[in-house]
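Here are a few notes to go with your first look at this one. Keep the viewer open as you read.

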Amino acid sequence: MIRVKELKVKICSSEKKSIDVVKACFNRIKKVEPKIKAFLKLNEENSLKQAEKIDNLNIKKGLLEGIPIGIKDNIMVKGESMTSASKYLYNYISPYDATVIEKLKSAGAIFIGRTNMDEFAMGGSTETSAYQKTANPWNVEFIPGGSSGGSAAAVSAGMVPFALGSDTGGSIRQPASFCGIVGYKPSYGLISRYGACALASSFDQIGTLSKTVIDSALLTSVIAGKDYRDPVCQPNDWIDYTYDLDSSSVCALRTIKLGIPKQFRDYKTDFEIAKYFNDAVNKLELECSQIIEIDVPAYKYVPALYKVIMCAEVSANIATFDGIRYGYRSPNGKDLNDEYAKSRTESLGDEVKKRILFGTYVLEAKNYHKYYNKAQKVRTLLINQLTDAYKKCDFIFTPATLQMPVRFGNVLPEECDIFLIAANLAGLPGITVPCSFTSSGMPMGVHFMGPRFSDQKLFKMASAFEKISNFNIDKYPIL
Amino acid sequence: MLKKELETTSFLARINIKDKEKEKYLADINAMLNYIKILQEPDVKNLKPTTHVTKIRNVWREDIVKPCPRDVIRQMLDMAPEKEKTFYKIKKVISTE
Amino acid sequence: MTNYEAIIGLEVHLQINTKSKIFCECSTQFGAEPNANTCVICTSQPGAIPILNKKAVEAIVKTGLALNFTINKQCTFARKQYFYPDVAKNYQITQSEPPLCSKGKLTITINKQEKVINITRIHLEEDAGKLIHEIGSRKLDYSLLDLNRAGIGLMELVTEPELVSPQEAFEFLTELKNIVEYLRTSECDMEKGKMRCDVNVSIRPIGQKKLGTRVEIKNMNSISGVRDAIAYEVERQKKILKTGGKILQETRLWEADEGVTKSMRSKENALDYRYFPEPDLVPFDLSDSFIEELQKQIPELPKARKARFIKDYNLSEYDASYLTSTKALADYYEEALNTLKDKKSAAKLIVNWIFTELNAKLNISKTCISKSSISSRNLAKLVSLILDGTISGKIAKIVFEEMYKNSTDPQLIIKEKGLLQISDEITIIKICKEAISENSKAVSEFKAGKKKALGAIIGLVMKKSNGQANPKVVNEILLKELKDN
């Protein structure tokens, strides 16, 4: 398995040709994509053209010169389709570039295709996509997770070295761990949201999915940073997140304090996940990391909190899809209001409708204080408890998910992603790293969550763990 | 949530629900409402709601005009389900102006 | 026979005077081609995020300070949700509690009495787009949407229901417009919709505590329109109550050309705006220095200027309040005055010329004084020519006519038309001698002690000099001459 960073060095020194890398990707895609269905759209022709152009440059200075990447279908690329896997946007063409896309373009990255997702990123299985189901490369009967399931499956199946996703409630990290790759959600405000189709504005963050931690760090170095187009985006100077992620970082484990929430015990956890998580804990202790127990009682409110606030913001964000200026307009509307309703009802999926209705309800004048405002206060409680916890430890360490991926059509329990969602509620950075394969032959992962803007340290932690875990990242699913 | 409330809510949200679907939606939403009851449990009356996790304040730009490129404006209009000249064409609106 | 009193509250929307919109960088230019001033943000394309215009915040804080508001340093934006095509996001970004400015006041003068009107709040929000329902006379069976106006910054100002007459509403809006024009925070042009006013009117029997049913009136496009609409509405409501009817709470539209309000059967059933804090925009935490800086930028306001006019130019209360009733007038007056060295003596004279001659002309041609064909500088020159005796008041009127026609410099006119006043003795003695010899009757009468007779001789002298002889000099010389011979 070759790291993107090495790949890039080889391409820049013309030791390797970008066009060969791109061709390799499409060969793999032709072989496995029919089984996986990770992509909603592929740009083979343009990608090859672009690769050729880059190969002919005599100076290649971009950080990702000639490197192929997959883009989740809710991120705007000027002139390309952007459906967010919804029927409503079936014919939508992005009129502009997202900030992260601008940065990737100037870094020389090549956009291989648009990856599948849950409709408007609402879901944890990629099954709510209006267009296709994506399979888990490790077992095509199983869900890849979601909402960034297309990105996760594409990377895990080796169709593309890494991909962009978006994470509102675990939507990068959960599918990443279901597919046995690295998934990273930055601190809220580290990466510009401009040009990412909004789900819940106060949780949404664009993030990375890759085979290795250093690849995610490299990608983050390219797309992170200040952007006046996103008011919540931190005005930080450029950071090289790959800096010092080499072997030496294992020693870093000696000074690390990891907190395991005792609430972890309150939940029914897949016994193999529990087992391999304990192995991981032991490995870390052997490296002399300090493992302590922390108490965050508010964890039990996380799924409820998330439901209320996310749905409330969804109800407002999705309101703009009304059939007036773009997207699907029902031919059956009698008057304006009827046309609004029919356009939306005929083009939005059930999960989306359910969330809109629930979100609308909790914001109605008579419910606002009972539900929405109450949830925002409990959110404060959670944040306070997490802040206290970080006085005792550097990172909060848990399994990525409490359950293994399920077969299509089966639902996961509400609490499955509880430790991932907490990061979104508090705006904290979180990264999932593959831990080991279970007897089912499916991967399971662990999750490190740090204080706000500890992202650089978080990468060091994850990369150190990556090195001591015996998860073989060079192993690809047989397809 | 009562059937009556579901009807009001679905009008506010401009989502139509067929009569035969209503029971299903009511069941789902009431299950969700039941699930979030737990939020009434903790005492948070002295806590401020968290509307923004960021500590940044007063983010603003100078008053400078940067017109949107003509081709982008054209493309946006071309995506309109219906247009007339450079207007978005829509169903008759009962004037309130 | 019960007597009723009216209770009136105003809701004023002022378009904030900025070059770019409040949440995107589109131009606010009025009258551009439909949707030419739109972008991915104000058309609400997926992934677009609002970016706040600092000038809009400064404008509302400045306005708040000028009207003695409390500035809430910590507040946030909110989303107000309702489906309507002119609001692209189907929610309007506005403010819930608290607004940027709470509890202000404005003093109006109503039949020589000062009355303080309390203003509940001013908050920031974004304007909506325009819907077109007819092209010229052709009524459309569909509607057209133009989002050029969508996202222009608005200040919404809401008064307490403390106004009791159409005239008070008129005075309030006039004074508000006057002050805001000094602040330059809005152009206040009602015809162009840059200032809009909705009115809440209710009436109740005098002495009753409980308020009557409130009726909202919209669609007035001039301040006098607001006054007329209220007058009509109050009468309408009185008629209903006097005939035992019931007033229903509704929104009515003012039809200016018919001079009536008509019910607007808006089916606003189940309106629930579902406000919640706007997550895309970070909250405010305004520093004292930020506010102090804006306080410094507040110019002299009408009241202060009036006081200064009275003090520095010893104008009468009446003259001063007339001059400061609009910024344009006060500016014209002071520009004129500032070109003169001896202000005190010219001050009153300039007022008179503006009041009588200039106003008469401007009223006929319906032009604003700022567009007057006689520049303030030229009017000042004319006045100084009178003061230094170059021309007589009588000649000045002739010169003025000429100035108004061709907006020429008075000095030129006097030169060309040879209207200079004659003051040199030799010339005047000559004319006087003629006059005396030609009017022996008056002379003998004068000598016989009939002082009045002098007038006739002066008249003759003026006639001979086409009114250019300096009356003062003529008088002296005649008396001397008559004594001598």
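1. Let's start with the area buried between chain B and chain A: about 5200 Å², with carbon and sulfur atoms giving 67% of that. Do keep in mind that this is a predicted model, so treat the figure as computed from it.

2. Who touches whom? On the chain B side, 50 residues are in contact with 69 residues of chain A.

3. Now for the charged and polar pairings. Between chain B and chain A the count is 5 salt bridges. One to look up is E82(B) with R329(A), where the closest N and O atoms sit 3.1 Å apart. Polar contacts between chain B and chain A come to 20 residue pairs, both residues being at pLDDT 80 or more.

4. As for where the chain B side comes from, at least two residues each are supplied by α1 (3-12), α2 (19-35), α3 (70-78) and β2 (87-91) of chain B. Sorted by class, the side of chain B that touches chain A has 30 nonpolar, 8 polar and 12 charged residues.

5. A separate point, on cysteines: the count of disulfides over all chains is 0. For C101(C), in turn, the closest cysteine sulfur is the one in C75(C).

6. Are these two cysteines buried or exposed? C75(C) counts as buried, at 3% relative accessibility, and C101(C) is buried too, with a relative accessible area of 0%.

Technical notes. Residues are numbered from 1 along each chain as its sequence is written. Chains are lettered from A and ligands numbered from 1 in the order in which they are written. This is a predicted model: local features need pLDDT of at least 70, side-chain atom pairs count only at pLDDT 80 or more; totals for chains, interfaces and linings use all residues. Side-chain values use heavy atoms; hydrogens and water are left out. Contact means heavy atoms within 4.5 Å. Buried area is the accessible area (1.4 Å probe) that two parts lose on being put together, summed over both. A salt bridge is a side-chain nitrogen of Lys or Arg within 4 Å of a carboxyl oxygen of Asp or Glu. A polar contact is a pair of N or O atoms within 3.5 Å; within protein, one must be able to donate a hydrogen and the other to accept it, and residues adjacent in sequence count only if both atoms are side-chain atoms. Helices (H or I, at least four residues) and strands (E, at least two) are DSSP runs, numbered from the N terminus. Ala, Val, Leu, Ile, Met, Phe, Trp, Tyr, Cys and Pro count as nonpolar, Asp, Glu, Lys and Arg as charged, and the others, Gly among them, as polar. A disulfide is a pair of cysteine sulfur atoms within 2.5 Å. Buried means under 20% relative accessible area, exposed over 50%, partly exposed in between (1.4 Å probe, protein chains only).
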